[in-house]
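Let's take a walk through a protein model and look at some of its rings and contacts. Have the structure open as you read.

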Amino acid sequence: MSPSLRLLPLLTLALAPLASAAPGKVDPRIDQLLDQLGKVRAIHAVQLSPDGQRLAWVVESHGKPVIQLAHADGSDAHPLAMGDSPCKQEEIAWAPDSRHLAFLSDCGGKAGDMDVYTADVTRQDAPRRLADLDGYAHDLAWAADGRTLGFLYVQGATRRASAVAAAKPQVGEIGVEGLEIQRVATLPASGGTPALVTPADSYAYEFSWSPDAKQLAYVAAPALGDNNWWIARLYAQDARAGATPRVLVDPKTDTGSLHGLQLALPRWSPDGKRLVFVGGLMSDQGATGGDLYAVPAAGGATVNLTTGIHVTPSWFAWTSPRTLLVSQVSNGQSQLADYAIDAGHATQQRVRFTLPASIGDGSASMAMSLSADHQRIAFVQSSYTAAPEVHAGPLGHAAPPAVTAINAALAPSWGKAESVEWEHDGRHVQGWLLYPAHYDPAKTYPMIVSVHGGPASAVIPRWPSVGYGSVPFSNLGYFVFQPNPRGSFGQGEAYVQANRKDFGYGDLSDILAGIDAIEKKLPVDDKRLGLTGWSYGGFMSMFVPTQTDRFHAVVAGAGISNWQSYYGQNLIDQWMIPFFGASVYDDPAIYAKSSAIDFIKRVKTPTLVVVGDRDAECPAPQSFEYWHALRAQGVPTSLVVYPDEGHHFVDPAHQRDVLQRALEWFATYLPAS
């Protein structure tokens, strides 16, 4: 570790040659950059009222999420009044009457104890508490008749229900004691005690109401919930406690293209006779992408509606009995398109708009908030050039404008961004390139390659936060290359599945070909290449130096060094079989093939390793194993383990610290000047 690194009170292991635990002077540019990133006010969600006349959004204010109300054009924006005491407000959902807004808040109880409220936005009355909850709730959704509110609920929860949240301490009889089951709960609009509708032995991940408000469709699997989303099935049942669920889709037994894959986002057709959902190879719950599938609501054969398309649908909504509005990843950009749908096909008719920006209303990946007549739309948008704002307006042939100015005073301090495209191995490949700030074409520059997580995901431009990411390196004089190699969303399902049983090989060759394409056009110094990434990108940051000596400094975040030991350590092993084809016990060779530890003697690259001590997805022992192997060989290395953090860091001090360490690591081993 660089002698200049400033330490926070956390578990730090920095025992390699040249490493030092002594605090030192921090580059003032880093402090300035971190301060700038910290000024962004995150906008967590936005919802357009069904009549299209009002907006509600959730924005970070003084460290807490709060609700703002406004007209549909953003005018007359004002906070939702909840009394004088500061409290959290989140998870907004408009009732069908467009007057009542449901939300969660801790205003009525102890901090962190979120209860269900409704506010009549046409009156000055204080919001009314509908239910006093004891646990974790999210995904509020009204039934179409406005009489009932549904939500996902973990009664007695001790943590947020998510595999990326900090894991519970692994004590007691594992997998038996202390199970926390997420179920669909319903609550009358008049308030009362929530009814737990779905079975007690089934962990529900998402749900949707039928048009007549009498049934629910939901995606569920047996506990443990964090682990079993990858083997979840699609169910439907009457919307009452004790109703018998019926299995509509089971990817394990499906004989078509969905076999062994994942499903998400079930949505009823307007007549209630069938459901459409997204199905595909997905590595993370919430990072939804694949093809569109349909199944009869009464049960029957599953049909792939979009076989062979070259985009990745992520979200959709029915806009008529024969049309869908689809949000999709297209060549590294966000795209909104109209599809015509019949019994066997969903066919793209026109593209509404394509944006080099990230979009979504906060409810699901790339989700749009629509008015009931589908004439108006709202979402949060951010890019490399514009910080997050609420965008709203008519659903037309262009993206609607920003209707807020929450972050309008912020301007990028990094360089310009451009899409880079190249052909390799018979495939079209795309990525994003950030130029160094104050770029001078007469100079040569180092370049940091950042591999995204997943692998079933994509780099789409978005404004960076204080947490770890590669955009800030541009500020300090680096080119930053963020590729979308095979395995990524945006080029169709066959492209996503192209790295099955091939982690670290085909995708690495795509990335190296992209580097070559960039170096042919721009003054990148090939002797000053760096590599970084988090999660799957952390795995690549550990594995790639075993395959090539092209990179001269590495920062590996929440990585995987040994797929064989990882299989028995992580709390989400179900995700691995779709990608590796078998368990490690049935085919250990396919896991060894992509394990950095099996090739570790080849590594000479200085490597900073960072991880949370309660990471359920990429457990800390994987980082220890890699660091230990490098240290044993005298390779400059440092391991920093952050307390009480899961796969996604939540402590602002830790978010700041990990980015600062990475910036200084590259400044030490890969100086920009």
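This is a predicted model: local features need pLDDT of at least 70, side-chain atom pairs count only at pLDDT 80 or more; totals for chains, interfaces and linings use all residues.

Residues are numbered from 1 along each chain as its sequence is written, and side-chain values use heavy atoms, with hydrogens and water left out.

A pair of aromatic rings is described by the distance of the centres and the angle of the planes. Here, rings of Phe, Tyr and Trp (its six-membered ring) pair if their centres lie within 6.5 Å; planes under 30 degrees apart count as stacked, over 60 as edge-to-face and the rest as tilted. That rule gives 40 aromatic pairs. One of them is F539 with F543, stacked at 5.5 Å centre to centre with 25° between the planes. Both are buried, meaning under 20% relative accessible area, while exposed is over 50% and partly exposed lies in between (1.4 Å probe, protein chains only). Now try W665 and Y669: their ring centres are 4.8 Å apart and the planes sit at 45°, so this pair is tilted. W665 is buried too, with a relative accessible area of 0%.

Next, find K416: its charged end sits over the ring of Y435, 4.6 Å from the centre (NZ of Lys or CZ of Arg within 6 Å of the ring centre and within 35 degrees of the ring normal).

Finally, is H452 buried or exposed? At 11% relative accessibility, H452 counts as buried.
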